[in-house]
Amino acid sequence: MFRLYEYSTSGNCYKVRLLLTQLHLPFERIEIDIVKGESRTPEFLKKNSNGRVPVLELETGKFLPESNAILFYLSQGTEFFPEDRFEQTQVLQWMFFEQYSHEPYIATSRYWIKILGKAQDYQQALEQKRQPGYAALQVMENHLETHRFFVGDRYTIADISLFAYTHVAEEGDFKLTSFPAIQSWIKRLIDQSNYIPMDF
């Protein structure tokens, strides 16, 4: 059985939990409270020297950190990762986009506002994240205006990667009302087989 070391309100951890569930893979959840510094203890740092969650403990006893790397590992040979070589690269393209152009703005804003409850303390930094966060959403909107999903017109780990923080973007004060294609895409993902919400 897999063991998932996670902070359950983290979108990065939710990505992994969602895919494991949709693949019907049994796993044990182990909560790591990052706010209390539990990911920085000597014991946890042996699992991931970068001191972050999620970390997936494999059946072999090896530890695999980084949410998108875990998605890639789990999806190999499944319907969630394309067989076509170019489409495989497109999946990675969107996952890199998520980590570089999307997550640093939308997820971080949500963390400061929703999880830490310190919107006032981070007011200036939040303002700096607003424009690049909306720019990332616009890139997604433009793509989804002519595509049902992000790669190959079917549900893949590229969608899971981007869905995690996008569907709760308003918790970081990013309004989705101006992004109808994103809203429709979110509904399509919620309708996928074996979907679970973040708070499950």
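These legends describe close-up views of a predicted model.

**View 1. Helix 1 and helix 4 in contact.** Helix 1 covers residues 11-22 and helix 4 covers residues 85-115. Their axes come within 11 Å and cross at roughly 115°. The two helices are therefore roughly perpendicular to each other. Helix 1 contributes Gly 11, Asn 12 and Lys 15 to the contact, and helix 4 contributes Glu 98, Gln 99, Glu 103 and Arg 110. Of these residues, three are polar, four are charged and none is nonpolar.

**View 2. The salt bridge between Lys 15 and Glu 98.** The closest N and O atoms of this pair are 3.1 Å apart.

**View 3. The salt bridge between Glu 28 and Arg 3.** The N to O distance is 3.1 Å. Glu 28 lies in strand 2 (residues 27-31) and Arg 3 in strand 1 (residues 2-6), so the pair connects parts 25 residues apart in sequence. Glu 28 is partly exposed, at 35% relative accessibility, and Arg 3 is also partly exposed, at 34%.

**View 4. The salt bridge between Glu 57 and Arg 3.** Here the N to O distance is 3.4 Å. Glu 57 has a relative accessible area of 11% and is buried. Through shared partners, salt bridges join Arg 3, Glu 28 and Glu 57 into one network. The structure holds eight salt bridges.

How values were computed:
Residues numbered from 1 in each chain as written. Predicted model: local features only at pLDDT ≥ 70, side-chain atom pairs only at ≥ 80, totals over all residues. Heavy atoms only, no water. Axes fitted to C-alpha atoms, helices over the stretch in contact; angles between N-to-C directions. Helix = DSSP H or I, 4+ residues; strand = E, 2+ residues; numbered from the N terminus. Parallel < 35°, antiparallel > 145°, perpendicular 65-115°, else oblique. Contact = heavy atoms within 4.5 Å. Nonpolar A, V, L, I, M, F, W, Y, C, P; charged D, E, K, R; others polar. Salt bridge = Lys/Arg side-chain N within 4 Å of Asp/Glu carboxyl O. Buried < 20%, exposed > 50% of the residue type's maximum accessible area, 1.4 Å probe, protein only.
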